[in-house]
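Me: I've got a model up on my screen and a few things I'd like to talk through. Can you take me around it?

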Amino acid sequence: MVWMRQDGQPHGNLAWREYTGGHAPQDWLELVHPEDQAAARQQWQQSVQAQKTFEAQLRLRRHDEHYRWVLALCRYPS
C-alpha cells in the first residue's frame, strides 16, 4: 500500500487511500493502535538506522475508525 519513491518520499497507492480514508502515508505511525505505537516506532527507527528489513504485526486504523491487524514490511534494496 505504501512504498518509498526514488526521492525518498513515501507514496500511498489507491489501496492505502481507501483503507485509511486518505491519510498521508508519511503519517502511518499515527494510524497505529496506541498500544502498538511505541514498539512500532522503536522497530522502525532501528530498521532505518541499520538499513535492515522492518517487519511488524500491528493494528492499523481504517477509514471507519476500526483497527485491523496488518503485517507491515519494508525491505531495503540489496
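This is a predicted model: local features need pLDDT of at least 70, side-chain atom pairs count only at pLDDT 80 or more; totals for chains, interfaces and linings use all residues.

Me: Which element gives the most residues to the lining of the largest pocket?

Reply: The largest pocket holds about 780 Å³ of space. It has 24 lining residues, and V2, W3, W44, L73 and C74 are the closest to its centre. Two or more lining residues come from each of β1 (2-4), α2 (34-50), β3 (54-61) and β4 (67-74). With five residues, the one that gives the most is β4.

Me: And how many of the residues in that lining are nonpolar?

Reply: Sort the lining of the largest pocket by class and you get two charged residues and two polar ones. The nonpolar count is 20.

Me: On to the rings: what angle lies between the planes of W28 and W44?

Reply: A ring pair is described by how far apart the centres are and by the angle of the planes. There are three aromatic pairs in the count, and one of them is W28 with W44, at 5.7 Å centre to centre. W28 sits in the loop between α1 (14-20) and α2, while W44 is in helix α2, 16 residues away. The pair is edge-to-face, and the angle is 80 degrees.

Me: Is W44 buried, partly exposed or exposed?

Reply: Buried means under 20% relative accessible area and exposed means over 50%. W28 comes out at 17%, so W28 is buried. W44 has 24%, so W44 is partly exposed.

Me: Which residues are linked into a cluster by ring pairs?

Reply: W44 also pairs edge-to-face with F54, at 5.3 Å centre to centre and 90 degrees between the planes. Because W44 lies in helix α2 and F54 in strand β3, this pair ties together parts that are ten residues apart in sequence. F54 is buried, at 4% relative accessibility. Together, the ring pairs make a cluster of W28, W44 and F54.

Me: How far apart are the end C-alpha atoms of α2, and what span should its residues give?

Reply: α2 has 17 residues, so at 1.5 Å a residue the helix should span 24 Å. The distance between its end C-alpha atoms agrees with that, at 25 Å.

Me: Which residues of α2 are buried?

Reply: Look on the side of α2 where the cover includes β3 and β4. The buried residues there are D36, A40 and S47.

Me: Last one: which residue just after α2 takes a positive phi?

Reply: Go just past the end of α2 and look for a phi of about 55 degrees. That residue is Q51.

Technical notes. Residues are numbered from 1 along each chain as its sequence is written. Side-chain values use heavy atoms; hydrogens and water are left out. On a 1 Å grid over the protein atoms alone, a cavity is a set of points where a 1.4 Å probe fits but cannot get out, and a pocket is an open set with protein on both sides within 12 Å along at least five of seven lines; lining residues have an atom within 4 Å of a point. Grid points are joined across faces, edges and corners, and a volume is the space filled by probe spheres set on the points. Helices (H or I, at least four residues) and strands (E, at least two) are DSSP runs, numbered from the N terminus. Ala, Val, Leu, Ile, Met, Phe, Trp, Tyr, Cys and Pro count as nonpolar, Asp, Glu, Lys and Arg as charged, and the others, Gly among them, as polar. Rings of Phe, Tyr and Trp (its six-membered ring) pair if their centres lie within 6.5 Å; planes under 30 degrees apart count as stacked, over 60 as edge-to-face and the rest as tilted. Buried means under 20% relative accessible area, exposed over 50%, partly exposed in between (1.4 Å probe, protein chains only). The expected span of a helix is 1.5 Å times one less than its number of residues. Contact means heavy atoms within 4.5 Å.
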